[in-house]
Amino acid sequence: ELGQGLGRLAQALKDQLPAAEGGWGRWRPPGLPPGPRPPDEADVVVVGGGVVGWSVAFWLKALENRRHGMRVLVVERDPTYSQASTVLSVGGIRQQFSLPENIQMSRFSAFFLRNINDHLGVLNEPPIDIQFQPSGYLFLAPPERAAGLEASIQLQREEGAQVALLSPTQLKAKFPWIDTEGVAVASYGKGARAPPVTILHHHQPNPSTARIRCVHVSAPVSPPGTGGVLTGVLDPSSVSSQVHMPDSREYQPVTCAIVVNAAGAWAGELLGAAGLPGQLGQPPLPIQPRKRYVFSWHCPDGPGFSCPLLVDTTGAYFRRDGIAGNYLGGLSPTEEEEPDPGDLSVDHAFFQEQVWPRLARRIPAFASLRVCGSWAGYYDYNTFDQNGVLGPHPKLDNLFLAAGFSGHGLQHAPAAGRAVAELVLRGHYESLDLRRLGWQRLEEGTRLDEGGVV
């Protein structure tokens with residue numbers, strides 16, 4: 001209460017001071033945050049300004065019936081996006097999944113990115129270039145996983161994906177730089193690859209998104225990456241979101257009708273911070289942060305321009321990064337080897353001991369390479385079945401989820417954002433039927449296992 005009172009006093013003092021160049025002078029009342037303040041009210045608050053959260057906000061505005069009618073507030077902790085999962089991802093887009101919903105979302109995402117200027121282009125401004133490169137994915141399967149891969153290919157074809165089944169002989173003929181030892185069959189999907197960018201962060205929104213507002217906040221009481229602490233969500237008519245302002249002890253309450261939890265790796269912990277009592281917090285949202293390393297290296301004799309993103313039989317993967325012999329890759333650790341997600345430090349020995357030996361056996365040219373750099377990012381890992389959780393909370397109709405994609409967030413963000421917006425605005429899915437990805441499966445214990453998790 002004291003902090004809120006000081007905030008109101010600071011605002012009153014500000015209103016009484018004459019305007020000055022660069023703002024209202026150098027003097028700043030104590031406790032007043034330097035950045036933009038959120039509005040007192042919003043129709044929808046989206047917590048998390050990564051690619052999924054921005055997709056939800058974009059589609060809410062694009063699909064609303066009344067122009068400039070809905071007030072959408074996006075809350076993001078990190079204005080630099082330096083630790084955001086979106087920009088730290090490897091940036092792959094594929095259609096080779098084992099669940100129809102995931103295939104359908106990937107197909108729409110590829111369509112959206114290919115036609116990005118139809119959605120996000122701004123009149124009288126240069127066209128958006130996201131360097132969309134359709135080089136595809138190549139999955140290699142050993143004999144014991146061959147039948148499962150072939151079944152997935154059949155489903156993918158039924159859903160309209162262009163996927164080829166290659167024998168070891170065909171694989172060697174098409175990609176002579178691969179050692180086919182231990183490979184029974186390969187799945188080659190003519191997908192598309194996009195760079196890890198947050199599109200709406202770098203470009204002005206078109207007129208239909210003009211009322212979307214982004215507030216960058218600091219939230220020391222909640223995990224890194226979350227935008228604030230939700231309180232008062234028991235009221236079905238409104239939600240009170242407490243937004244902690246940067247460089248200040250002040251909390252700004254924002255009254256809204258709907259909250260969308262798109263906080264990625266911290267979505268589960270954020271929901272716990274909302275303080276849902278008793279059975280409202282059950283079952284807990286099984287989304288945890290998992291740290292993943294990405295390594296970059298140079299190999300002048302490595303695969304050339306036709307190189308797809310390759311996923312080895314061992315789980316190690318890599319893709320071309322440009323056309324000058326540069327590559328990105330990594331490997332998801334076993335459950336027993338999961339690194340501490342408390343920070344984004346990199347274990348460089350992991351590449352030398354785990355990643356490099358696997359890739360060098362598959363790509364002989366990689367026996368001699370030069371490591372150029374590395375980084376770590378977060379998976380919003382759904383420990384239940386490694387699939388996204390979309391839709392309303394089972395007991396709170398005005399609290400929506402869009403998280404838990406377990407490494408598929410960038411791939412599925414355009415479709416997932418549109419789906420959540422349809423639920424908010426229409427009360428049901430209109431484009432893709434994603435009901436199976438709802439919270440109900442968590443309550444019933446019905447897993448939707450995805451065979452294409454990398």
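The model is predicted, so local features need pLDDT of at least 70 and side-chain atom pairs count only at pLDDT 80 or more, while totals for chains, interfaces and linings use all residues. Residues are numbered from 1 along each chain as its sequence is written, and side-chain values use heavy atoms, with hydrogens and water left out.

**Overall make-up**
- The protein holds 12 helices and 18 strands, taken as DSSP runs (helices H or I, at least four residues; strands E, at least two) and numbered from the N terminus.
- Of its 454 residues, 53% are buried, meaning under 20% relative accessible area with a 1.4 Å probe, protein chains only.
- Among contacts (heavy atoms within 4.5 Å) between residues at least 6 apart in sequence, 75% join residues at least 24 apart.

**The eight-stranded sheet**
- Eight strands form an open sheet of mixed pairing in the order E5-E6-E4-E13-E14-E15-E12-E16, where pairing requires at least two DSSP bridges between two strands.
- Because E5 (163-166) and E16 (370-382) stand at the edges with a single partner strand each, one side of each is left without a neighbour in the sheet.
- From one strand to the next, the twist averages 20 degrees, with axes fitted to C-alpha atoms and angles running from 0 to 180 degrees between N-to-C directions.
- Strands E12 (residues 287-298) and E15 (residues 326-330) run antiparallel and are joined by four bridges; serine 296 stands opposite leucine 328 in E15.

**Helices across the sheet**
- Helix H6 (residues 146-158) lies across E4, E5 and E6, at about 155 degrees to E5.
- Helix H10 (residues 349-362) lies across E4, E12, E13, E14, E15 and E16, at about 60 degrees to E12.

Methods:
Buried < 20%, exposed > 50% of the residue type's maximum accessible area, 1.4 Å probe, protein only.
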